[in-house]
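Please read them with the structure open.

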Amino acid sequence: MAKKSVFQMIALLLALSLALAACGGGNDNGSASSGSSGSPSAGSGGSESPSDPNKEVEFTIGYATGDPATKQAIADSIKAFTEANPHINIVDVSEGTTSSYLDWLKTKDAVGEFPDLVEMRDTQLFADAGKIVELPQDLVDLFETVPEVDGKKYNAPLTLTAPQGIIYSKKAYADAGVTELPKTYGEFLDIQEKLKATGMTPIVVGGKDIFHMGFWLNKFLIDEVYVHDPDWNSKRTAKQVSFTDEGPVKAMTDYKELFRKYVDKGFLSTADNQTASILVSGKAAQLFSGPWMFTQIAEADPSFEFGFYALPDEEGKVNVLGLPTPAGWSLSAEAAKDADKLEAMKAFVRFFFSPEQYAAYLKTANGIPSTKEKVTYESTPQMQTVLELMADPNVTKSLAINNWWGENLIPPQFRNWYYKLMQELVLEDGDVVEYMKKADAEYDAQVQANQQ
């Protein structure tokens with residue numbers, strides 16, 4: 001199928017981003033004052049000015065490696081930058097791990113190896129701990145919108161938040177007699193029955209990597225909780241709502257039913273990076289994930305024909321991940337004190353988001369551009385669907401349970417604990433309400449522990 005430019009779609013998307021900027025919270029004053037740690041702001045360049053612009057300098061970089069295509073795209077950017085700037089050495093300390101990215105970063109911090117330039121996802125946690133500094137204003141100016149945390153901007157967003165959906169084998173759908181995509185969640189379940197009747201496993205899940213569990217769990221939480229109340233997390237912290245309320249119970253009941261009936265039974269031993277090969281081999285018909293998987297699937301089998309669609313709720317409404325979040329490249333407070341390191345890191349960030357380089361990254365990662373300057377690249381039909389979803393005002397945009405910040409920030413360890421609890425719910429065929437009582441108790445205990 002022919003590829004086409006996404007310039008017009010990106011223009012619509014960027015217009016949408018401006019409308020959503022309020023979700024970043026705070027006053028957009030572009031301040032570059034001192035961070036919460038009291039360290040000199042990155043905007044001020046620390047206590048001294050950089051010296052010789054060609055002076056040899058080295059800094060470390062760390063980023064999430066769960067998606068091989070995105071990992072390679074960042075590695076390519078690092079290689080291209082250092083070839084163009086031989087006096088700057090970038091030490092890539094990123095590692096593949098089955099633990100969460102947050103846990104990896106906390107471990108690196110504990111052993112004194114927190115990266116100088118770091119892909120930050122839990123911005124408020126590390127900002128409150130004084131580990132990162134505000135983004136210099138000249139970098140803030142590169143982007144259409146940068147969400148704030150407590151009135152400050154810490155991140156150079158790698159991409160905008162991408163929606164997740166069903167990636168499906170066109171052959172499997174055809175063999176099962178599926179001729180139309182579902183218009184409601186009920187119709188989606190009907191398709192699962194048709195796929196199951198052919199003897200094929202309907203859905204593959206990479207549950208060995210705990211972050212992967214969040215794809216499905218947050219799909220149901222968004223449909224039943226967050227589209228109705230974006231401030232649900234803050235109310236849970238204040239004990240004004242409960243996991244045993246109708247919305248969360250309905251969400252986890254739907255999740256449990258789906259996993260018990262239609263998900264590959266070996267999901268706990270399947271890694272996220274195995275799901276593409278399982279899909280293209282015909283061992284499963286569908287995968288619920290995001291556009292970063294498109295490249296992996298195409299590389300696993302260039303002849304494999306697949307489609308992508310957002311999964312509607314029971315009423316036929318489409319709700320997806322898509323609000324801006326405070327995430328992206330951040331500067332460590334310690335590294336920002338070194339004027340030469342600071343300038344080298346800023347140079348890399350500017351290079352990373354330069355139109356030609358950024359377009360190459362976006363094409364590999366199937367990313368949604370975050371920069372003010374219009375960036376175009378040839379997209380696949382699947383990616384065009386993603387961009388259409390983001391530009392559609394009738395599609396509700398939301399966030400995952402752990403992506404909210406400010407008053408809606410959950411205890412940092414709760415996400416992984418909750419995902420594991422929900423794995424147990426499926427394996428033990430547990431009672432949803434009883435498990436939700438456990439979630440309430442653990443949430444309150446973690447809130448209390450964090451307040452001490």
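How many helices and strands are there in the protein chain?

1. There are 17 helices and 13 strands in the protein chain, where helices (H or I, at least four residues) and strands (E, at least two) are DSSP runs, numbered from the N terminus. This is a predicted model, in which local features need pLDDT of at least 70 and side-chain atom pairs count only at pLDDT 80 or more, whereas totals for chains, interfaces and linings use all residues. Residues are numbered from 1 along each chain as its sequence is written, and side-chain values use heavy atoms, with hydrogens and water left out.

2. Some totals for the chain come next. Of its 452 residues, 55% count as buried, a class that means under 20% relative accessible area, with exposed over 50% and partly exposed in between (1.4 Å probe, protein chains only). The chain exposes about 18700 Å², and carbon and sulfur atoms supply 48% of that area; the areas come from the Shrake-Rupley method with a 1.4 Å probe, and for residues only the protein chains shown count as cover. Among contacts (heavy atoms within 4.5 Å) between residues at least 6 apart in sequence, 76% join residues at least 24 apart.

3. Which residues of helix H3 (residues 101–110) are buried? The buried residues are Tyr101, Leu102, Trp104, Leu105 and Lys108. They cover an arc of only 160° around the axis, which puts them on the same side of H3, the arc being that of the directions from the helix axis to the C-beta atoms. What covers them includes strand S2 (57–62), strand S4 (117–120) and helix H4 (123–128). H3 is followed by Gly112, whose phi is positive, near 75°.

4. A second open sheet has four strands in the order S7-S8-S6-S9, again with mixed pairing. Strand S7 (201–204) and strand S9 (306–309) stand at its edges with a single partner strand each, so one side of each is left without a neighbour in the sheet. From one strand to the next, the twist averages 25°. Three bridges join S7 to strand S8 (residues 284–289), and these strands run parallel; the bridge partner of Ile203 in S8 is Gln286.

5. Asp223, in helix H8 (residues 210–226), deserves a look of its own. This residue is buried, with a relative accessible area of 7%, and its side chain makes a polar contact with the side chain of Lys219 (2.7 Å). A polar contact is a pair of N or O atoms within 3.5 Å; within protein, one must be able to donate a hydrogen and the other to accept it, and residues adjacent in sequence count only if both atoms are side-chain atoms. Leaving aside neighbours within four places in sequence, Asp223 is in contact with His228, Asp313 and Asn319. The C-alpha atoms of Asp223 and Val318, 95 residues apart along the chain, are separated by 8.5 Å.

6. Most residues other than glycine have a negative phi. Asp150, however, has a positive phi near 55°; Asp150 is in the loop between helix H5 (137–140) and strand S6 (165–169), and counts as exposed at 58% relative accessibility. Asp429 has a positive phi near 50°; Asp429 lies in the loop between helix H16 (414–427) and helix H17 (432–451), and counts as partly exposed at 43% relative accessibility.

Methods: Two strands pair if DSSP finds at least two bridges between them. Axes are lines fitted to C-alpha atoms, for helices over the stretch in contact, and angles run from 0 to 180 degrees between N-to-C directions.
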